[in-house]
Amino acid sequence: MGFNPSRVVFMEALKDVLSLRKPMREYKFEIFRRWGWSKEDLLVAFRKDPCFMHLSEEKIMKAMNYLVNKLGRPSTDIARNPLVLSYSLEKRIIPRCSVVQILIAKDVVNNDLCLSSFILITEKSFLERYVYKFQDIVSQLLSVYHSKIDLLDVEIQVQKFCGTEKL
């Protein structure tokens, strides 16, 4: 599988393989195949974070649906950073994606940001890099982030109160 036996991740992978019975592993593989992952994508994800196989189908489906269908991220991006799936959709993923989407819409950050560059970093780093840094350009960033609402909800509210004006 491509693991170095002297690394901690090897032990995690071994533990995960042994703790999941074959039918459950196949079932989890099938969930990701539905999202377009190849066998290679599954192996890449497993090498990066073997624990992602223990996530519930509901958690996987909700996160993938949001990231792929709502934000338009390629599902293979998630395979390269499967740890993203373990974070709370409501408490971390949606607020951070909302802030980043606003910054993209304002052309202050690139549209090709890797998920790991803003989902996997600490709260302090995220606030410094994506909220405080651009607070003077987009004054509502902190409130969007702390209100933990989805960007699409923000857009609907802005359109409701300001006509068709965008953020």
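Rings of Phe, Tyr and Trp (for Trp, its six-membered ring) count as a pair if their centres lie within 6.5 Å. Planes under 30 degrees apart are called stacked, those over 60 are edge-to-face, and the rest are tilted. By that rule, a search of the whole structure finds 6 aromatic pairs. The structure is a predicted model, in which local features need pLDDT of at least 70 and side-chain atom pairs count only at pLDDT 80 or more, while totals for chains, interfaces and linings use all residues. Residues are numbered from 1 along each chain as its sequence is written, and side-chain values use heavy atoms, with hydrogens and water left out.

Start with the overall plan. Helices (H or I, at least four residues) and strands (E, at least two) are DSSP runs, numbered from the N terminus. The protein chain has 10 helices and 0 strands. Next, ask how much lies inside. A residue is buried under 20% relative accessible area, exposed over 50%, and partly exposed in between (1.4 Å probe, protein chains only). Of the 167 residues of the protein chain, 40% count as buried. Then come contacts, meaning heavy atoms within 4.5 Å. Take the contacts in the protein chain with a separation of 6 or more: residues 24 or more positions apart account for 66% of them.

Now look at one ring pair. A pair of aromatic rings is described by the distance of the centres and the angle of the planes. F32 and F52 form an edge-to-face pair, 5.2 Å centre to centre, with 65° between the planes. F32 lies in helix α2 (residues 22-34) and F52 in the loop between α3 (39-48) and α4 (57-70), so the pair ties together parts that are 20 residues apart in sequence. Both F32 and F52 are buried.

Helix α2 also meets α4. Axes are lines fitted to C-alpha atoms, for helices over the stretch in contact, and angles run from 0 to 180 degrees between N-to-C directions. The axes of α2 and α4 come within 11 Å and cross at roughly 15°. That makes α2 roughly parallel to α4. The angle classes are these: under 35 degrees is roughly parallel, over 145 roughly antiparallel, 65 to 115 roughly perpendicular, and the rest oblique. The crossing of α2 past α4 is right-handed. Right-handed means that the near helix is turned clockwise from the far one by less than a right angle, and left-handed means anticlockwise. On the α2 side, Y27, K28, I31, F32 and R34 take part, and they meet E57, I60 and M61 in α4.

Follow α4 to its next partner. The axes of α4 and α6 come within 12 Å and cross at roughly 5°. That makes α4 roughly parallel to α6. From α4, the contact uses K62, A63, Y66 and L67; from α6, it uses L89, I93, I94, C97 and S98.

Helix α6 leads on to α8. Their axes come within 11 Å and cross at roughly 15°. That makes α6 roughly parallel to α8. This crossing is left-handed. R96, V99, V100 and L103 of α6 make the contact with E123, F126, Y130 and V131 of α8.

Stay with V131, in helix α8 (residues 123-131). Is V131 buried or exposed? At 0% relative accessibility, V131 counts as buried. Leaving out residues up to four places away in sequence, V131 touches V99, F126, L141 and L142. Its C-alpha atom is separated by 8.2 Å from that of Y145, 14 residues apart along the chain. Y145 has ring partners too: ring pairs link F118, F126, Y130 and Y145 into a cluster.

A charge can also sit over a ring, if NZ of Lys or CZ of Arg is within 6 Å of the ring centre and within 35 degrees of the ring normal. Here R92 lies over the face of Y87, at 4.0 Å from the ring centre.

Two more residues make a contrast. S75 is found in helix α5 (residues 75-80). S75 is buried, with a relative accessible area of 10%. S75 touches W35, G36, W37, M64 and V68, not counting residues up to four places away in sequence. D107 lies in the loop between α6 (89-105) and α7 (116-119). D107 is exposed, with a relative accessible area of 69%. Phi of D107 is near 60°, a positive value in a residue other than glycine.
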